[in-house]
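Please look through the sequence and the model below before reading on. The report that comes after them is meant to be read with both in view.

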Amino acid sequence: MPEASFNKNLNLPNAGGRYVKLSKKGDKIKFRIATTPHYETKHFLGDKEFSLCGKYNSEDPKATCKYCEDYAQALEAEDEQVAKQIKPMTTFYYPILDINEGKAKIFQFTAKSIHYTIKGYADEGVDVFACDWSVERTEEQGTNYYKVLRLDATKLTKEQEEELTKAKAFKFEQKASDSITDEEMDEIDKNV
């Protein structure tokens, strides 16, 4: 039986779950977006307690949220500790094909800059579902904390195509992203 010495880097299997995150500097993923991403916004109320935001998870632009109001009051009172605790936090969920692993995954992140960079390409007419993407966590202060690159589409193997189809079937309870419309999705699905 191998020893798990604390001064040794162990060769252990990864959990291999469906969700993938970029947790540390240098983490990188290459992927193809399978279908419309989703998001949800939460307020954290304690160690493991949270509340879904009534304002940012709503389709109603006039919706309100008690915790958003508390957050605004904390900012006004310059109470940084309270403000930091209840600040609305948005998490994005991108159904993807992880190109390197050839597996259907959900790319989960809180960096709005990643989403808005990809949305910027969509706004310019790029079919964001027909190309590959690379995202790297650089942690470069003052520039981009994440480097997002649009890549040419790679030719997918039969197995990768099957995994992309699996990713398209992922179901979410979160709110659908408004960045890509249903009409755009229908057109994209016809071309894939």
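This is a predicted model: local features need pLDDT of at least 70, side-chain atom pairs count only at pLDDT 80 or more; totals for chains, interfaces and linings use all residues.

Residues are numbered from 1 along each chain as its sequence is written, and side-chain values use heavy atoms, with hydrogens and water left out.

**Overall fold**

The chain has five helices and nine strands, where helices (H or I, at least four residues) and strands (E, at least two) are DSSP runs numbered from the N terminus. Read along the sequence, these elements follow the pattern β-β-β-β-α-α-β-β-α-β-β-α-β-α. Of the 192 residues in the chain, 39% are buried; here buried means under 20% relative accessible area, exposed means over 50%, and partly exposed lies in between, with a 1.4 Å probe and protein chains only. Among the contacts in the chain with a separation of 6 or more, 61% are between residues 24 or more positions apart, a contact being heavy atoms within 4.5 Å. The accessible surface of the chain comes to about 12,900 Å², and carbon and sulfur atoms account for 47% of that surface; accessible areas come from the Shrake-Rupley method with a 1.4 Å probe, and for residues only the protein chains shown count as cover.

Which residues of helix α1 are buried? In this helix, which spans residues 66-76, Cys68, Tyr71 and Ala74 are buried. Seen down the axis of α1, its buried residues fall within an arc of 120 degrees, so they line one face of the helix; the arc is that of the directions from the helix axis to the C-beta atoms. An α-helix has 3.6 residues a turn, so residues three or four places apart point the same way. The buried residues of α1 pack against β3 and against α2 (80-86), whereas the face turned away from the buried side carries the exposed residues Lys66, Gln73 and Glu76. Gln73 counts as exposed because its relative accessibility is 55%, and its C-alpha lies 8.4 Å from that of Ala83, a residue ten places from Gln73 in sequence. Helix α1 is followed by Glu78, whose phi is positive, near 55 degrees.

Thr90 is found in strand β5 (residues 89-98) and counts as buried because its relative accessible area is 11%. The side chains of Thr90 and Thr41 are joined by a polar contact of 2.9 Å; such a contact is a pair of N or O atoms within 3.5 Å, and within protein one must be able to donate a hydrogen and the other to accept it, while residues adjacent in sequence count only if both atoms are side-chain atoms. Leaving aside neighbours within four places in sequence, Thr90 is in contact with Tyr39, Glu40, Thr41, Phe109, Thr110 and Lys112.

His38 is found in strand β3 and is buried, with a relative accessible area of 14%. The side chain of His38 reaches the backbone oxygen of Thr36 at 3.3 Å. Phe44 also lies in strand β3, which covers residues 38-44, and at 34% relative accessibility Phe44 counts as partly exposed.

**Salt bridges**

The structure holds nine salt bridges, each defined as a side-chain nitrogen of Lys or Arg within 4 Å of a carboxyl oxygen of Asp or Glu. The table gives some of them.

| Salt bridge | N to O distance |
|---|---|
| Asp27 and Lys24 | 3.1 Å |
| Lys119 and Asp123 | 3.0 Å |
| Glu163 and Lys166 | 3.0 Å |

Asp27 is buried, with a relative accessible area of 17%, while Lys24 is exposed at 53%. Lys119 and Asp123 both lie in helix α3 (residues 112-123), four residues apart, or about one turn of the helix, and Lys119 counts as partly exposed at 25% relative accessibility. Glu163 and Lys166 both lie in helix α4 (residues 158-168), three residues apart, again about one turn of the helix. Glu163 counts as buried at 11% relative accessibility, whereas Lys166 is partly exposed, with a relative accessible area of 48%.
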